[in-house]
Amino acid sequence: MKKGDNGNKSTDESLDVEDDKTTDEEGGEKVNMVQADNAEREYEFSPVKVLKITEYGGEVGELEKMKLFLEKLTCLELVKVSVYAITDKEKARITSDLLMLPRLSMTQIDAFKTQLKRTEHFPEYVFYDGPPFATGLPHYGHILAGTIKDIVTRYQTMTGHHVTRRFGWDCHGLPIENLIDKKFGIKLKSQVLEMGIDNYNEECRSVVDLYVEEWEKVITRSGRWIDFKNDYKTMDLAFMESVWWVFAQLFDKNLVYKGFKVMPYSTGLKTPLSNSEAKGTYKNVSDPEAMVTFPVIGDQDNAAFVAWTTTPWTLPCNLALCVNPEFVYLKVRNKHNGRVYVVAEPRLSALPSFANAAADTKKAKGGDSAAADSYQVLEKFDGASLVGKKYEPLFDYFSDFSMVLASSTVLLPLVKTITGRVCLENKIIEQGEGLVVAVDEDGLFTERITHFFGRYVKDADKDIIEAVKAKGRLVKTGSFTHEYPFCPRSDTPLLNRALPSWFMRVDEQLKEQLLENTKETHWVPSHVKDKCFHNWLENARDWCISRSRFWGTPLPIWISDDGEEVVVMDSVDKLEKLSGVKVFDLHRHHIDQITIPSSRGPEFGVLRRVEDVFDCWFESGSMPYAYIHYPFENKELFEKNFPGMFYTLMVLSTALFGKPAFRNLICNGLVLAEDGKKMSKSEKNYPPPLEVIDEYGADAVRLYLINSPVVRAEPLRFRKEGVLGVVKDVFLPWYNAYRFLVQNAKRLEVEGSGPFVPTDLATLRSSNVLDQWIHSATQSLVCFVRLGDGCLSALYRKLLTCLFQHEVVVPYLLKFLDNLTNIYVRFNRKRLKGRTGEDDCHIALSTLYNVLLTSCKAMTPFTPFFTETLYQNLRKAREGSEESIHYCSFPEADGTRVERRIEQSVTRMMTVIDLARNIRERHKLPLKTPLMEITVVHPDAEFLDDITGKLREYVLEELNVRSLVPCNDTLKYASLKAEPDFSVLGKRLGKSMRLVAKEVKEMSQQDILRFEEARKLTIAGHTLELTNIKIVRVFKRPDGLKDTEIDANGDGDVLVLLDLRPDDSLYEAGVAREIVNRVQKLRKKSGLEPTDVVEVYIESLDKDESALQQVLSSQEQYIKDTIGSSLLPSRLMPSHAVILSDESFQNVSKLSFKISLARPALKFN
């Protein structure tokens, strides 16, 4: 008894298609996809599977045995790939299932904790995780930052470091207090005091852990490895004590003082904001504008300054007027009423132009010609001459001031009303305790402003304008639309308010050292450091480090009632010793009541703590020390590894230790909603992160985010479709290459060769050019990710530069995967399927195995789930492999396997193929139609040797061409033209452009060739390079041939010619390819695997069967080699044959036939 001839060597479902693409019945592209069935059938390397089946043998029933077997395989097995495409949504969902498979595996073996344990003796790589606020759910911005951090820390672990990764929580500050204020309807500071600081702070503490569980769920699901169990919180006693120590060091260095500063102030939150907090919260609003007069004391013409403001509430608080000393000002007389004004020259047109301006100020309007006619210029002078003059104030609350000051901050040519800021700069008022303020912390006028006492300042605008009008001092009023800053949390208008605060000296003491320390750091992208951060430091002012709030780390300053004695605590121990009180918590309600006896004696009373707490950015800047409780613990660890937000980190490290806080820094941009707006939970303008992760997989989200402008510190509009694109463009091709390996390894086993055991990479050698090329390309990928430019001493720096600057990993990976699937696997189908001999097949499969294993290890920091999925099966083919890919070392870069010439030749070969395909498309000639000849034109003799030698068979087979002709004469089939690049040269050459352009256009063929070789040219004294001149190659058709008979295509480097003339001798080969293509499609429709054994029959449907018989006879060997079996005539099909599938094809190259697939029939001797 024997089996008949069969089709057991079927082509692969996607990578062995003879045509450009296959299409389904509706015209859509067929793509291999994943379906969750028969998980154990195809993708498990046999030795392990056999052991597992044996393990569950014995008395267990078959159904129960399979159930137990699949349960054990759930976390390790890959799922089967189906035949035809399904919807994009289903495709992504199934692929995400594939990407989630290793989650159970990594959880069961506790891979993160195990990795930390295994690397604990390695050199420490210090990683700081800046704490997020715990007041909301994580969004894509957090996932992006976490992904970047995770990539770097995973990479450092794989390159021989121990990386401690502790999650941190920013627990203090306005975000927490704002929640409590909303909960209890708190609007005034007095309401907090009525509630009790103890009750208020404990309410704040209670909401800190509100979202911790959700954060851990999202961050862990996104693939980030970080320790949530051993986290740190800024509200912990140990953290707060280290913050005290930091402050005490600064105080001892005389870097701390108390003073007044005009700052953006939120009346909604009752606290000042930093400039950065107030910077991005401007809104377009309509405010009342007022033009008012200030009579000049002692002026002979009774002139009055005319000042303009959009904040009338500042008029009762006015301390001075401000002019720009460089602007020109005019003294003018109104021709109708005789009033004399002092006004900036360009703003004369803004004055009202009719006689009784004061009588109807709401309707008063200016105009250029009208104003010129209405006013007589009496005098012209510069702004500097006005400085120091006195004027009559509008109100007498601050009559001791009222002086004209100079400031270059007056950017518009106006006289401006001002309050405290410029007065402080000009020392009209002094910093200190005695400054009287007109507006309290709730935004209400104080008792000193008697006419408007207790009024909210913005509500008093209209009444103030009326009061000014009643005094006869109003020139003009109206409304003015402009941008005004609002509090980002309370959405209330910000006020500039002079406040007593504690400051750290930055401007005079630290600025130069900050600039020098910043030079020692590496930033990606670099322009953020060189421009944004450098400019910030150049304009650095003293840092206000205190806030008049409740929930925060209290300032550790105790002061006597007379202000003469100050004690700063640097530890809990010091406070306990000086006060005699045991301290268990450092928040205000636990220590505000603690007093310290005066060291001068009982008669001087006690010292009490100041009420302020730290700005939470001071806490964040202290993180490198506070999260490990330095210097009270971990002193050796810190001092050995220091240095490790941005500005605050740099300022504190410079002040404390005189060196930068970090060496490398990655800046990312903002992740916005698809419409370009800020992501808003209330507006629901973005998809929930977990929804996208569950649908497409965490790795797809990770790659989408890091392959975007956001890693270049630019904004990203998040699109769900972009994540789907990563699934289709990255993971499916990657998985298909892996699947092809396992399919053919399984085929070897089925055919009796035994389990596949790959040859180790160290001993694997091959004479095949594509084996050499893919090894070289893989090593280039490793070098790209690991070394950047190959400089070992700058490993991490170059890694960052490579990942997030000029080139990023994802495009490089996309190109590598495209090369792997569409060049290596596609062009090596016969070798991988064993049709060139078992030994050659084993070399090809070993090459593919090692390439996949190496590329998985190289990409593990970026795609931890997917690489683990593939690795869990790949490792079973090699004994002694690590239990998880996350225990593996990063691949070493082997420069000896990088062969640039082969890589360049294969790249050019693909260019040749692409150019030739384009010619076919232009002439509507499918690849199934054979052509006689292709000519490749290139001056490089080595490339022509490669293309006609090692690579020749691949070009001919891929393009279905019979012969390849090399040509190194670049002018034989093309003429050269030179065109100047006006966009590049225009600005540079100016008037010389015309002359240079004329000379360039008149360059001869030989001139152009010499220019290409020398790479530079001098014309009229100007040196031009290759990037300045465009070289255009124009195809010269050989004499006697039409454009339908020969055509060419080029890319400026390679020129390709295709002979398009039909040849009857090629007809039969073309029909054979059509028949093979139909067999492949029918196998796909039948759901057959490459290892499935079938018999293939063909029957002619034409009256004259001789034409088909002639094709089958002449092309018998090609058909057998391609489909792996003979194509049997239908008359040989046994009557008892089981037909799996059949289909009739009409008018295929003028032939009609029927193909049938049947189970192998038993034949008896």
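In which sense do β37 and strand β38 pair? The two strands, β38 covering residues 1128-1129, pair in the parallel sense over two bridges, where pairing requires that DSSP finds at least two bridges between the strands. Strands (E, at least two residues) and helices (H or I, at least four) are DSSP runs, numbered from the N terminus. The model is a predicted one, in which local features need pLDDT of at least 70 and side-chain atom pairs count only at pLDDT 80 or more, while totals for chains, interfaces and linings use all residues. Residues are numbered from 1 along each chain as its sequence is written, and side-chain values use heavy atoms, with hydrogens and water left out.

Because five of the six residues of β37 (residues 1095-1100) are buried, the strand is largely enclosed by the rest of the structure. Here buried means under 20% relative accessible area, exposed over 50%, and partly exposed in between, with a 1.4 Å probe and protein chains only.

A further sheet is open and consists of four strands in the order β30-β29-β36-β35, with mixed pairing. Its edge strands, β30 (961-967) and β35 (1046-1050), each pair on one side only. On average, neighbouring strands of this sheet are turned by 20 degrees against each other, direction ignored; axes are lines fitted to C-alpha atoms, for helices over the stretch in contact, and angles run from 0 to 180 degrees between N-to-C directions. Strands β35 and β36 (residues 1055-1059) run antiparallel and are joined by five bridges, with Val 1056 in β36 as the bridge partner of Asn 1049. Packed on the sheet is helix α35 (residues 941-948), which touches β29 (931-937) and β30 and whose direction makes about 165 degrees with that of β30. Contact means heavy atoms within 4.5 Å.

Attention now turns to the nonpolar interior. A nonpolar core is a set of buried Ala, Val, Leu, Ile, Met, Phe, Trp, Tyr and Cys residues joined through side-chain atoms within 4.5 Å. The largest such core has 113 residues, and Trp 734 and Met 909 have the most contacts inside it. Helix α27 (residues 720-753) supplies the largest share of this core, 15 residues. Beyond its neighbours within four places in sequence, Met 909 is in contact with Phe 827, Phe 943, Ile 947, Leu 951, Tyr 954 and Val 955. Another core, of 40 residues, lies apart from the largest one and includes Ala 303, Leu 394, Tyr 397 and Phe 486.

The whole structure contains 31 aromatic pairs; rings of Phe, Tyr and Trp (its six-membered ring) pair if their centres lie within 6.5 Å, and planes under 30 degrees apart count as stacked, over 60 as edge-to-face and the rest as tilted. Tyr 200 and Phe 550 form an edge-to-face pair, because their ring centres are 5.6 Å apart and their planes stand at 65 degrees. This pair links distant parts of the chain, 350 residues apart: Tyr 200 belongs to helix α10 (residues 197-208), and Phe 550 to the loop between β20 (546-547) and β21 (557-560). Both partners are buried, Tyr 200 at 0% relative accessibility and Phe 550 at 1%. The pair of Phe 1145 and Phe 1153 is tilted, with ring centres 5.7 Å apart and planes at 40 degrees. Phe 1145 is buried at 10% relative accessible area, and Phe 1153 is buried at 0%. Ring pairs also link Phe 247, Phe 251, Trp 543, Phe 614 and Phe 618 into a cluster.

Charges meet rings as well. The charged end of Arg 154 sits over the ring of Trp 225, 4.2 Å from its centre, and that of Arg 908 sits over the ring of Phe 943, 5.4 Å from its centre. The criterion is that NZ of Lys or CZ of Arg is within 6 Å of the ring centre and within 35 degrees of the ring normal.

Finally, the backbone deserves a look. Most residues other than glycine have a negative phi. Asn 302, however, has a positive phi near 55 degrees; Asn 302 lies in the loop between β8 (282-295) and β9 (304-309) and is exposed at 66% relative accessibility. Lys 924, likewise not a glycine, has a positive phi of about 55 degrees. Lys 924 is placed in the loop between α34 (900-922) and β29, and is exposed with a relative accessible area of 75%.
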